[in-house]
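Okay, thanks for coming, everyone.

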Amino acid sequence: MTAGTGPDGRDPGLQPERTRLAWRRTTLSAAVAAVLAVKTSLHGGPSATGVVLCALCCALWLSFLWVAHHRIRALAAGVRPPALAPRHATAAVLCAVATAVCAAVLVV
């Protein structure tokens with residue numbers, strides 16, 4: 001085994017680091033979306049619908065944060081991480097889509 005190669009003989013290069021940074025960027029943009037949802041829902045005075053949608057956006061953000069945190073930790077472990085489980089991938093996609101829908105409803 002040469003320097004820089006993993007136990008399976010492949011050289012991952014900077015791909016794990018790029019993937020980990022991509023998860024962090026996505027989590028940050030989801031946090032910005034959640035903060036904007038809170039700001040939008042409270043802008044004209046809190047309404048029942050706005051507060052419910054704001055709470056839903058925040059819960060979706062926390063769910064996405066949980067999935068992203070587990071993936072970031074797996075990527076930082078140093079060994080080749082297993083593929084993202086289908087249920088985690090589905091949860092991440094559903095959280096992102098649901099957050100976008102909540103944001104669209106708040107804007108309209």
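Before the layout, one definition: helices here are DSSP runs of H or I with at least four residues, strands are runs of E with at least two, and both are numbered from the N terminus. With that in hand, the protein reads α-α-α along the sequence, and the count is 3 helices and 0 strands.

A word on where this comes from: it's a predicted model, where local features need pLDDT of at least 70, side-chain atom pairs count only at pLDDT 80 or more, and totals for chains, interfaces and linings use all residues. Residues are numbered from 1 along each chain as its sequence is written, and side-chain values use heavy atoms, with hydrogens and water left out.

So how much of the protein is buried? Buried residues make up 25% of the 108 residues; buried means under 20% relative accessible area, exposed is over 50%, and partly exposed is in between, with a 1.4 Å probe and protein chains only. As for contacts, meaning heavy atoms within 4.5 Å, take those between residues at least 6 apart in sequence: 71% of them join residues at least 24 apart.

Let's start with α1. This helix runs over residues 15-43, which is 29 residues, and spans 42 Å from first C-alpha to last, close to the 42 Å expected at 1.5 Å a residue. That expected span is 1.5 Å times one less than the number of residues. Its buried residues are Arg20, Trp23, Thr27, Ala30, Ala31, Ala34, Ala37 and Ser41, and they pack against α2 (48-76) and α3 (86-107). After α1 comes Gly45, with a positive phi near 100 degrees.

Now, how do the helices sit together? Two packed helices are described by the angle between their axes and the distance between the axes. The axes are lines fitted to C-alpha atoms, for helices over the stretch in contact, and angles run from 0 to 180 degrees between N-to-C directions. Under 35 degrees counts as roughly parallel, over 145 as roughly antiparallel, 65 to 115 as roughly perpendicular, and the rest as oblique.

First pair: α1 and α2 pack at about 170 degrees, axes 9 Å apart. That makes α1 roughly antiparallel to α2. The contact has 18 nonpolar, 5 polar and 3 charged residues. For those classes, Ala, Val, Leu, Ile, Met, Phe, Trp, Tyr, Cys and Pro are nonpolar, Asp, Glu, Lys and Arg are charged, and the others, Gly among them, are polar.

Next, α2 and α3: about 155 degrees, with axes 9 Å apart, so they're roughly antiparallel too. Residues making this contact include Leu53, Phe64 and Trp66 of α2, and His88, Cys95 and Leu106 of α3. By class it's 15 nonpolar, 4 polar and no charged.

Then α1 and α3, whose axes come within 10 Å and cross at roughly 30 degrees. These two are therefore roughly parallel. Here Trp23, Ala33, Ala37, Thr40 and Ser41 in α1 meet Ala92, Thr99 and Leu106 in α3. That divides into 5 nonpolar, 3 polar and no charged.

Setting aside neighbours within four places in sequence, Arg71 is in contact with Trp23, Pro81, Pro82, Ala83 and Leu84. And Trp23, remember, is one of the buried residues of α1.
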